[in-house]
Every structure is written in structure tokens, then in C-alpha cells.
Amino acid sequence: MAEADQTATGKPGPGGLVSGWPGDIARAAAFLTRLPVKATFAHGANLASAARAFPLIGAAIGAVGGGVLWSCAHVNLPPQACALLALA
């Protein structure tokens with residue numbers, strides 16, 4: 001599918017920059033986390049194409065960890081417990 005979105009020069013054609021995001025996000029999440037994400041690493045769908053989703057997955061992981069840290073601090077848990085829960 002990614003090959004069909006490229007012109008003869010190898011540059012992305014119309015829709016080439018936005019197509020494939022769900023698969024890229026799934027592959028990036030499977031690579032960067034321990035979550036059981038169902039991602040296919042078939043021929044032509046390699047990790048390099050999913051690299052564009054790495055910042056999105058990193059931001060999601062950071063937001064979850066920050067939310068846990070804030071929630072723990074909000075209920076007055078000791079700082080060590082907050083940090084351990086945020087990193088878990």
C-alpha cells in the first residue's frame with residue numbers, strides 16, 4: 001500500500017504522508033512498550049516506516065506516567081510511592 005502512494009521519484013504522492021498511520025502507531029507501540037499490541041511486521045511494513053509515530057507513542061507514555069504521578073501526589077502519598085507507581 002505504501003508503494004502505491006509513491007510517485008516515480010520515490011517521494012510520497014498525494015495521501016502518502018497521512019496513509020498508514022494506524023499501522024505505524026501499532027508497530028511503534030509494539031516496539032516501544034511491553035503492551036500486547038497486535039501489530040504486523042510483514043514484508044514492506046518495517047520499523048523504519050513506523051519511526052514517524054515514535055514521538056506520539058512517547059508523548060502518550062509520558063502523559064500516562066505524569067498523570068499517575070500527579071494523581072498519587074494529589075492524594076498525599078509519600079514521594080517515593082508516587083515515583084514508584086509512576087514508573088511502574
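1. In this predicted model, helices α3 and α4 lie roughly antiparallel to each other. Their axes cross at roughly 155°, and angles over 145 degrees count as roughly antiparallel, so the label follows from the angle. Helix α3 covers residues 54–74 and helix α4 residues 79–87, and the two axes come within 8 Å.

2. Which residues of α3 meet α4? From α3 the contact takes in Gly65, Val68, Leu69, Cys72 and Ala73. On the α4 side, their partners are Cys82, Ala83, Leu85 and Ala86. Sorted by class, this contact has eight nonpolar residues and one polar residue, with no charged residues. Gly65 is the polar one, since Gly is counted in that class.

3. Stepping back to the fold, the protein has four helices and zero strands. Read from the N terminus, the order of elements is α-α-α-α.

4. How much of the protein is buried? Of its 88 residues, 18% are buried. The accessible surface comes to about 6,500 Å², and carbon and sulfur atoms account for 70% of that surface.

5. A last point, on contacts along the chain.

Conventions. Residues numbered from 1 in each chain as written. Predicted model: local features only at pLDDT ≥ 70, side-chain atom pairs only at ≥ 80, totals over all residues. Heavy atoms only, no water. Axes fitted to C-alpha atoms, helices over the stretch in contact; angles between N-to-C directions. Helix = DSSP H or I, 4+ residues; strand = E, 2+ residues; numbered from the N terminus. Parallel < 35°, antiparallel > 145°, perpendicular 65-115°, else oblique. Contact = heavy atoms within 4.5 Å. Buried < 20%, exposed > 50% of the residue type's maximum accessible area, 1.4 Å probe, protein only. Areas by Shrake-Rupley, 256 points an atom, 1.4 Å probe, with all protein chains shown as cover.
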